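The following questions and answers concern the model shown below.

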Amino acid sequence: IEKMKDLDNVFHFTQSGNSEILCDWLQHAIHSNYATADTAMEKFLIGVGRRKFLKPIYKALAATPSGKENARNIYKKARPGYHAVSYTTIDEILK
């Protein structure tokens with residue numbers, strides 16, 4: 001967590017406006033239990049509908065019971081804004 005915090009303080013990944021960077025960073029944050037990125041992750045998952053960004057983040061979240069519960073809570077808010085291709089994929093991940 002300290003390394004993640006140091007990286008974030010220097011490079012401001014959690015506040016990145018670049019979806020490619022933020023998607024990768026959020027996956028690292030999930031795997032590292034870097035809770036500082038949780039709010040940005042929820043905002044990203046609600047605001048972005050592209051499956052290429054959603055799928056890896058939801059898969060990372062679904063890897064643990066608490067992460068899966070968090071993913072389901074976010075998904076309830078986000079699903080109405082997703083394209084059918086995206087929500088079909090995420091439905092399968094979170095079933």
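Q: Is Val10 buried or exposed?
A: This is a predicted model, in which local features need pLDDT of at least 70, side-chain atom pairs count only at pLDDT 80 or more, and totals for chains, interfaces and linings use all residues. Residues are numbered from 1 along each chain as its sequence is written, and side-chain values use heavy atoms, with hydrogens and water left out. Buried means under 20% relative accessible area, exposed over 50%, and partly exposed in between (1.4 Å probe, protein chains only). Since Val10 has a relative accessible area of 56%, the class is exposed.

Q: What accessible area do Leu7, Val10 and Phe11 have together?
A: Val10 belongs to helix H1 (residues 2–11); helices are DSSP runs of H or I with at least four residues, numbered from the N terminus. With Leu7 and Phe11, Val10 forms a nonpolar patch on the surface. Patch members have over 30% relative accessible area and no salt bridge, with like charges joined within 9 Å and nonpolar side chains (Val, Leu, Ile, Met, Phe, Trp, Tyr) within 5 Å. By the Shrake-Rupley method with a 1.4 Å probe, where for residues only the protein chains shown count as cover, their accessible area together is about 290 Å².

Q: Which backbone oxygen does the side chain of Ser86 reach?
A: Ser86 sits in helix H6 (residues 84–94) and is buried, at a relative accessible area of 4%. Leaving aside residues up to four places away in sequence, Ser86 touches Gly49, Arg50, Arg51 and Leu54, where contact means heavy atoms within 4.5 Å. At 2.7 Å, the side chain reaches the backbone oxygen of Gly49.

Q: How many residues apart in sequence are the parts that Lys52 and Glu20 tie together?
A: The side chains of Lys52 and Glu20 meet in a salt bridge at 2.7 Å, N to O; the term requires a side-chain nitrogen of Lys or Arg within 4 Å of a carboxyl oxygen of Asp or Glu. Lys52 is in helix H4 (residues 51–61) and Glu20 in helix H2 (residues 19–32), so the parts tied together are separated in sequence by 32 residues.

Q: Which helix holds Lys77, the salt-bridge partner of Glu42?
A: The salt bridge between Glu42 and Lys77 has an N to O distance of 2.5 Å. It links distant parts of the chain, 35 residues apart, with Glu42 in helix H3 (residues 38–47) and Lys77 in helix H5 (residues 65–78). Glu42 is partly exposed at 25%, whereas Lys77 is exposed at 51%. The helix that holds Lys77 is H5.

Q: How far apart are the closest N and O atoms of Asp91 and Arg79?
A: Asp91 forms a salt bridge with Arg79. Asp91 lies in helix H6 and Arg79 in the loop between H5 and H6, 12 residues apart. Asp91 is partly exposed at 31% relative accessibility, and Arg79 is partly exposed at 30%. Their closest N and O atoms are separated by 2.8 Å.

Q: What distance separates the C-alpha atoms of Ile57 and Leu45?
A: Ile57 is a residue of helix H4 and counts as buried because its relative accessibility is 0%. Not counting residues up to four places away in sequence, Ile57 touches Cys23, Leu26, Gln27, Ile30, Met41, Phe44 and Leu45. Ile57 and Leu45 are 12 residues apart along the chain, and their C-alpha atoms are separated by 8.4 Å.

Key: Helices (H or I, at least four residues) and strands (E, at least two) are DSSP runs, numbered from the N terminus. A polar contact is a pair of N or O atoms within 3.5 Å; within protein, one must be able to donate a hydrogen and the other to accept it, and residues adjacent in sequence count only if both atoms are side-chain atoms.
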